[in-house]
Amino acid sequence: MTSAQTSPLGFLKGHGTENDFVIVPDAANTIDLPPALVARLCDRRAGIGGDGVLHVVRSAAHPEARHLAGEAEWFMDYRNADGSVAEMCGNGVRVFARYLEHAGHVTAGEVAVATRGGVKRVHLDKDGSVTVRMGRAALPEAGVTVTVDGRSWPARNVNMGNPHAVAFVDSLDHAGTLYDEPPYEPAGVYPDGVNIEFVADRGPRHVAMRVHERGAAETRSCGTGACAVAVAAARRDGVDPAVSGAPVTYTVDVLGGTLVITEHPDGEIEMTGPAVIVGEGTVDPAWLADHV
């Protein structure tokens, strides 16, 4: 790869329920994105600002995705705001698909996107909403206890291709500031860190959540987190589509809007919500050279 610091870097900005991303188109995978550069791009005061970077690469051009090229032309090489690599991002994949449409790579309808969490099937609706098939949730038995300001709650372990700990609380204020990762025990349940969701009921099959995302602190929304929350809420409510044979839908309010999550009897989970491209531009190479 060539260094992104020595030439102008084209980017776009997009968001899904205000979970926002810096989009870096790079079909041939020629741009180097070291963690320090990603962190600077995501810096909300000194950079562009975002919860992460969506590196848009053709699957055939990326060593981690070549084996998926026959199923999905495009690979979402996702990075957290601190520069670390992540397996998946539910809102990110919806914005990624919206970018592909914006750039003329795909049209409305079904789109396959390769991720480190597998190939995700996305439907671009003409009304502006985007639905992504998020795969199936795994429910490991080992859970943790999460503590904030002296209060503690048991948290359900849900894996959506990335790890989540879901805690049900009386008030979302109990989550505190979420500047730092809330402590949890035993730490060994999540050796690579975890996304922690705090969830409060709003009505029948309707919940609200706040989330501390691994590598990004509190975000306005988290797609995989909303899916994990819906599954955890359903099981808490005694609902399992695999047993009932009927799909179950939960509305999940996040700080940046609303997502609709449906779990089907075969375990497949679908997430629907908006995805928006805000604008595009070029990063000054002098800024890149000075700051990375």
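This is a predicted model: local features need pLDDT of at least 70, side-chain atom pairs count only at pLDDT 80 or more; totals for chains, interfaces and linings use all residues.
Figure 1. Pro186 sits in the loop that runs between strand S13 (184-185) and strand S14 (195-203). The peptide bond joining Glu185 and Pro186 is cis, with an omega of about -5°. Most peptide bonds, by contrast, are trans. Leaving aside its neighbours within four places in sequence, Pro186 is in contact with two residues named here, Gly143 and Val144.

**Figure 2. Two residues other than glycine with a positive phi.** Most residues other than glycine have a negative phi. Glu18 has a positive phi, near 65°. This residue belongs to the loop between strand S2 (9-16) and strand S3 (19-25). Its relative accessible area is 35%, so Glu18 is partly exposed. Leu178, which is not a glycine either, has a positive phi of about 60°. Leu178 is located in the loop between strand S12 (163-168) and S13. Is Leu178 buried or exposed? Its relative accessible area is 3%, and Leu178 is therefore buried, since buried means under 20%.

**Figure 3. The cavity inside the structure.** How many cavities of 30 Å³ or more does a search of the whole structure find? The search finds one. The largest cavity holds about 70 Å³ of space. It is lined by 13 residues, and those closest to its centre are Asn80, Met88, Asn162, Asn195 and Glu213. Sorted by class, the lining comprises five nonpolar, five polar and three charged residues.

Figure 4. In soluble globular proteins, nonpolar side chains tend to be buried together. The largest nonpolar core in this model has 53 residues, of which Met76, Met209 and Ile261 touch the most other members. Helix H3 (residues 223-236) is the greatest contributor to this core, giving nine residues. Apart from this core lies another, made of 18 residues that include Ala155, Ala175, Leu178 and Phe198.

**Figure 5. The contacts of Met76.** Which residues are in contact with Met76 when its neighbours within four places in sequence are left aside? They are Leu54, His55, Met88, Cys89, Gly92, Val93, Phe96, Val113, Ala114, Thr115 and Arg116. Among these partners, Gly92, Val93 and Phe96 are also listed as buried residues of helix H2. Met88 is a further partner of Met76, and it is among the residues closest to the centre of the largest cavity.

**Figure 6. Helix H2 (residues 90-102).** The 13 residues of H2 should span 18 Å at 1.5 Å a residue, and the end C-alpha atoms are 19 Å apart, which agrees. H2 is mostly covered, as 11 of its 13 residues are buried. Among the buried residues are Arg94, Arg98 and Tyr99. After H2 comes Gly104, which has a positive phi near 85°.

**Figure 7. Helix H3.** From its first C-alpha to its last, H3 reaches 20 Å, close to the 20 Å expected for its 14 residues at 1.5 Å a residue. H3 is mostly covered, with 12 of its 14 residues buried. The buried residues include Gly223, Cys227, Val229, Val231 and Ala234. H3 is followed by Gly238, whose phi is positive and near 80°.

Figure 8. Gly215 is placed in the loop between strand S15 (206-213) and strand S16 (217-219). Its relative accessibility is 26%, so Gly215 counts as partly exposed. Not counting residues up to four places away in sequence, Gly215 touches Asn80, Ala81 and Asp82. The C-alpha atoms of Gly215 and Ser84 are separated by 6.9 Å, while the two residues are 131 residues apart along the chain. Arg40 is part of helix H1 (residues 35-42). At 21% relative accessibility, Arg40 counts as partly exposed. The C-alpha atoms of Arg40 and Ala81 are separated by 8.5 Å, and these residues are 41 residues apart along the chain.

Key: Residues are numbered from 1 along each chain as its sequence is written. Side-chain values use heavy atoms; hydrogens and water are left out. On a 1 Å grid over the protein atoms alone, a cavity is a set of points where a 1.4 Å probe fits but cannot get out, and a pocket is an open set with protein on both sides within 12 Å along at least five of seven lines; lining residues have an atom within 4 Å of a point. Grid points are joined across faces, edges and corners, and a volume is the space filled by probe spheres set on the points. Ala, Val, Leu, Ile, Met, Phe, Trp, Tyr, Cys and Pro count as nonpolar, Asp, Glu, Lys and Arg as charged, and the others, Gly among them, as polar. A nonpolar core is a set of buried Ala, Val, Leu, Ile, Met, Phe, Trp, Tyr and Cys residues joined through side-chain atoms within 4.5 Å. Buried means under 20% relative accessible area, exposed over 50%, partly exposed in between (1.4 Å probe, protein chains only). Helices (H or I, at least four residues) and strands (E, at least two) are DSSP runs, numbered from the N terminus. Contact means heavy atoms within 4.5 Å. The expected span of a helix is 1.5 Å times one less than its number of residues.
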